[in-house]
Amino acid sequence: APLTTIKKESFRNQDNLLHIYLPKSLNFIGLNAFAYCNNLEEVYINSETLEIEMTYGKFNPFDHCSKIVKFVGPLASSDGRCLISDNTLYCLALDGLAEYSIPQGIKEIAGDACVNKEIEKIFFSEGLEMIGMDAFANCRNLKEITFPSTLKNLASYAFRGCTSIEGFYGNEKFHTSDNRCLIAYM
């Protein structure tokens with residue numbers, strides 16, 4: 001029978017995984033299915049639709065896979081840095097980048113989306129409506145955040161542990177007038 005499901009934590013902590021090839025028949029990936037696969041670099045997903053398990057606002061099946069540099073397949077962004085399904089960005093593979101622009105057409109950034117914590121600047125495209133819980137948590141080099149005017153919801157802890165942030169800009173619903181403090185709305 002073809003592989004349709006990868007269950008919760010199936011490949012967690014598998015440091016021997018460097019590349020994963022997932023078949024077109026796959027339609028579900030469980031929570032933390034590949035979490036802490038510390039040497040995982042490339043993920044080939046041949047599915048055109050994929051359900052990703054969620055709990056407490058956290059989605060990323062590749063949580064703490066900080067060496068991922070590329071997604072390949074129909075659900076990958078054109079630059080291979082994002083895993084996207086139904087206008088939701090589930091995973092950002094930003095290893096080796098200092099700054100990154102979120103692709104156009106993204107309406108939501110899922111919880112725990114950013115697996116590389118070295119990023120310094122993130123640029124959000126207009127059209128983004130929600131940033132999930134812990135989406136950019138512990139990105140200790142992140143310095144400046146500019147929210148798009150279209151942002152409607154910012155989950156608690158979206159930027160938790162981002163100790164280098166110098167200011168929040170853009171959509172004033174989500175920061176104080178002095179640009180120093182973040183305000184979360186769900």
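Visitor: Is Arg 12 buried, partly exposed or exposed?
Guide: Happy to start there, with the reminder that this is a predicted model. Buried would need under 20% relative accessible area and exposed over 50%. Arg 12 has a relative accessible area of 26%, so Arg 12 counts as partly exposed.

Visitor: Which side chain meets that of Arg 12 in a salt bridge?
Guide: The N to O distance in this salt bridge is 3.6 Å.

Visitor: How many residues apart are Glu 129 and Lys 107?
Guide: Their side chains meet in a salt bridge, at 4.0 Å from N to O. Glu 129 sits in the loop between strand S11 (121–123) and strand S12 (130–131), while Lys 107 is in the loop between S9 and strand S10 (108–109). The pair therefore links distant parts of the chain, with relative accessible areas of 27% for Glu 129 and 41% for Lys 107. The separation is 22 residues.

Visitor: Which residue meets Lys 143 in a salt bridge?
Guide: Lys 143 lies in the loop between S12 and S13, and its partner in the loop between S10 and S11, 23 residues apart. The N to O distance is 4.0 Å. The partner is Glu 120.

Visitor: Which strands stand at the edges of the open sheet?
Guide: Good one to trace on the model! Four strands are arranged in the order S9-S11-S13-S15, with parallel pairing. Each edge strand has a single partner, so one side of each is left without a neighbour in the sheet. The edge strands are S9 (99–101) and S15 (167–170).

Visitor: What is the bridge partner of Phe 147 in S15?
Guide: Strand S13 covers residues 144–147 and pairs with S15 in the parallel sense over 4 bridges. The partner of Phe 147 is Gly 170.

Visitor: How many residues does the largest nonpolar core have?
Guide: Those with the most contacts inside this core are Ile 109, Phe 124, Ile 131, Phe 136 and Phe 159. Strand S7 (82–85), strand S8 (88–92) and S13 each supply at least two of its residues. Phe 124 touches Ile 102, Ile 145 and Pro 148, among others. The core has 30 residues.

Visitor: Which residue of S6 stands opposite Glu 42?
Guide: Strand S4 (residues 42–45) pairs in the parallel sense with strand S2 (residues 19–22) over 4 bridges. Another 3 bridges join S4 to strand S6 (residues 70–72), also running parallel. Opposite Glu 42 stands Lys 70.

Note on methods. Residues numbered from 1 in each chain as written. Predicted model: local features only at pLDDT ≥ 70, side-chain atom pairs only at ≥ 80, totals over all residues. Heavy atoms only, no water. Pairing = 2+ DSSP bridges. Core = buried A, V, L, I, M, F, W, Y, C linked by side-chain atoms within 4.5 Å. Buried < 20%, exposed > 50% of the residue type's maximum accessible area, 1.4 Å probe, protein only. Contact = heavy atoms within 4.5 Å. Lists of a residue's contacts leave out its neighbours within four places in sequence.
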